[in-house]
Amino acid sequence: GRPRLGWPAVARAARPCRPRHPGATLRRARRTLAWVLPLALALALGLALAAALAPVLSAGTRAAGLVLAAAMPLAAAWHARRWVATARFAVGAGVLVWRSGVWPQRWVLLPESRAQVTSLHRTPLGRRAGMARLNVDTMAPTPRRALVLRWLAEADAVALNQRLWRAGA
């Protein structure tokens with residue numbers, strides 16, 4: 001019959017884990033900082049306005065708010081670095097194993113034969129850096145994509161796309 005996908009199969013398949021492209025940290029940080037920096041700036045400006053309008057606001061409260069506003073971009077950069085460091089994929093024994101996330105780690109086990117549609121995307125910036133994104137859809141009745149592998153090395157993405165395409169055909 002069909003091979004069962006359990007933790008022993010995952011452990012065997014996860015041994016040759018492939019990391020992300022070295023430039024993925026910067027791309028992930030840019031994506032996060034796009035909303036964190038305006039939020040930190042709004043917090044700092046809001047504290048400055050509150051200090052001007054309400055002189056009773058203690059200096060400690062203002063200082064704590066400014067420290068928080070300064071720490072937000074640093075925390076976002078740290079999170080991007082940790083996310084890329086923990087994101088891995090492995091292919092073996094007819095299964096694609098994908099792990100991502102920092103605090104809640106997400107594991108996706110995708111039998112290669114269930115890959116129905118794969119699409120390889122390269123942005124101009126990613127093409128220059130040698131990165132690509134691979135989208136994989138399955139035969140599941142959900143509107144979401146089964147798997148989106150971002151910021152892969154282009155050679156890994158092309159090889160994985162061909163492998164999943166052959167397995168699904």
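**Salt bridges and nonpolar cores**

Arg122 is partly exposed, with a relative accessible area of 35%. In this predicted model, the side chain of Arg122 forms a salt bridge with Glu154, and the closest N and O atoms of the pair are 2.8 Å apart.

The structure holds 2 salt bridges. Glu112 and Arg163 also meet through their side chains in a salt bridge, with an N to O distance of 2.6 Å. Because Glu112 sits in the loop between strand E3 (106–111) and strand E4 (115–121) while Arg163 sits in helix H5 (residues 154–168), this pair joins parts that are 51 residues apart in sequence. Glu112 is buried, its relative accessible area being 8%, whereas Arg163 is partly exposed at 32%.

Nonpolar side chains in soluble globular proteins tend to be buried together. In the present model, the largest nonpolar core has 22 residues, and Leu96, Val136, Leu147 and Leu149 have the most contacts inside it. At least two residues of this core come from each of helix H3 (59–86), strand E2 (95–100), E3, strand E5 (131–138), strand E6 (147–153) and H5. Leaving aside residues up to four places away in sequence, Leu149 touches Phe89, Leu96, Trp98, Ala132, Arg133, Leu134, Val136 and Leu160. A second core, separate and made of 5 residues, includes Val36, Ala40, Ala69 and Met72.

Conventions. Residues numbered from 1 in each chain as written. Predicted model: local features only at pLDDT ≥ 70, side-chain atom pairs only at ≥ 80, totals over all residues. Heavy atoms only, no water. Salt bridge = Lys/Arg side-chain N within 4 Å of Asp/Glu carboxyl O. Helix = DSSP H or I, 4+ residues; strand = E, 2+ residues; numbered from the N terminus. Buried < 20%, exposed > 50% of the residue type's maximum accessible area, 1.4 Å probe, protein only. Core = buried A, V, L, I, M, F, W, Y, C linked by side-chain atoms within 4.5 Å. Contact = heavy atoms within 4.5 Å.
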